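Please keep the sequence and the model in view while reading.

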Amino acid sequence: MKITEKQTMELISRQPEMNKLSFTIMIHRMARKYQENNSQETLRECTEEINAFLDKYYLAMAEDYAYIMNQNSDNYAHDEDFMLLAA
């Protein structure tokens with residue numbers, strides 16, 4: 001389960017309220033980090049940190065991950081294995 005830099009940018013730009021408060025807090029923290037230094041390297045670091053969080057809390061984050069993947073299904077890759085577990 002991995003999100004892309006494009007998906008990270010969407011998350012930190014919109015800062016949606018997610019189902020898990022801890023994930024919402026992380027998104028807000030990544031948005032502040034990126035606002036301080038909006039380089040490609042910082043975006044990559046934010047993406048890696050979000051992915052590490054999602055990997056660690058895979059099952060607990062099922063609804064939030066599904067939300068991210070469904071934001072624009074034409075542009076985002078689908079993780080079929082994850083969707084089977086989340087169902």
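Axes here are lines fitted to C-alpha atoms, for helices over the stretch in contact, and angles run from 0 to 180 degrees between N-to-C directions. The structure is a predicted model, in which local features need pLDDT of at least 70 and side-chain atom pairs count only at pLDDT 80 or more, while totals for chains, interfaces and linings use all residues. Residues are numbered from 1 along each chain as its sequence is written, and side-chain values use heavy atoms, with hydrogens and water left out.

The chain contains 5 helices and 0 strands, in the order α-α-α-α-α along the sequence. Helices (H or I, at least four residues) and strands (E, at least two) are DSSP runs, numbered from the N terminus. Of the 87 residues in the chain, 38% are buried; buried means under 20% relative accessible area, exposed over 50%, and partly exposed in between (1.4 Å probe, protein chains only). Among contacts with a separation of 6 or more, 60% are between residues 24 or more positions apart, where contact means heavy atoms within 4.5 Å.

Consider the packing of H2 and H3. Their axes are 10 Å apart and the angle is about 170 degrees, which makes H2 roughly antiparallel to H3. The classes of angle are as follows: under 35 degrees counts as roughly parallel, over 145 as roughly antiparallel, 65 to 115 as roughly perpendicular, and the rest as oblique. On the H2 side the contact involves Ser22, Phe23, Met26, Arg29, Met30, Lys33 and Tyr34. H3 contributes Thr42, Leu43, Glu45, Cys46, Glu49, Ile50, Phe53 and Leu54. Sorted by class, the contact of H2 with H3 has 9 nonpolar, 2 polar and 4 charged residues. In this scheme Ala, Val, Leu, Ile, Met, Phe, Trp, Tyr, Cys and Pro count as nonpolar, Asp, Glu, Lys and Arg as charged, and the others, Gly among them, as polar.

How do H1 and H3 cross? The axes of H1 (residues 5-14) and H3 (residues 40-56) come within 9 Å and cross at roughly 90 degrees, so the two helices are roughly perpendicular to each other. From H1, the residues Glu5, Thr8, Met9 and Ile12 meet Gln40, Leu43, Arg44, Cys46, Thr47 and Ile50 of H3. This contact of H1 with H3 has 5 nonpolar, 3 polar and 2 charged residues.

The interior comes next. In soluble globular proteins, nonpolar side chains tend to be buried together. A nonpolar core is a set of buried Ala, Val, Leu, Ile, Met, Phe, Trp, Tyr and Cys residues joined through side-chain atoms within 4.5 Å. The largest such core here has 19 residues, and those touching the most other members are Ile3, Phe23, Ile50, Leu54 and Ile68. At least two residues of this core come from each of H1, H2, H3 and H4 (62-70). H2 supplies the largest share, 6 residues.

H2 also holds Thr24, which counts as buried because its relative accessibility is 3%. Beyond its neighbours within four places in sequence, Thr24 is in contact with Pro16, Glu17 and Met18.

That leaves the charged pairs. A salt bridge is a side-chain nitrogen of Lys or Arg within 4 Å of a carboxyl oxygen of Asp or Glu, and by this rule the count comes to 7. One of them joins Lys2 and Asp55, whose closest N and O atoms are 2.7 Å apart. Lys2 lies in the segment before H1 and Asp55 in H3, so this pair ties together parts that are 53 residues apart in sequence. Lys2 is exposed, at 53% relative accessibility, whereas Asp55 is partly exposed, at 36%.

Another salt bridge pairs Glu10 with Arg14, with the closest N and O atoms 2.5 Å apart. These two residues are 4 residues apart in H1, which means about one helical turn separates them. Glu10 is partly exposed at 30%, and Arg14 is partly exposed at 39%.

Lys33 and Glu45 form a further salt bridge, the closest N and O atoms being 3.5 Å apart. Since Lys33 belongs to H2 (residues 21-36) and Glu45 to H3, the pair ties together parts that are 12 residues apart in sequence. Lys33 is partly exposed at 28%, as is Glu45 at 30%. Both residues belong to a network of salt bridges that links Arg29, Lys33, Glu45 and Glu49.
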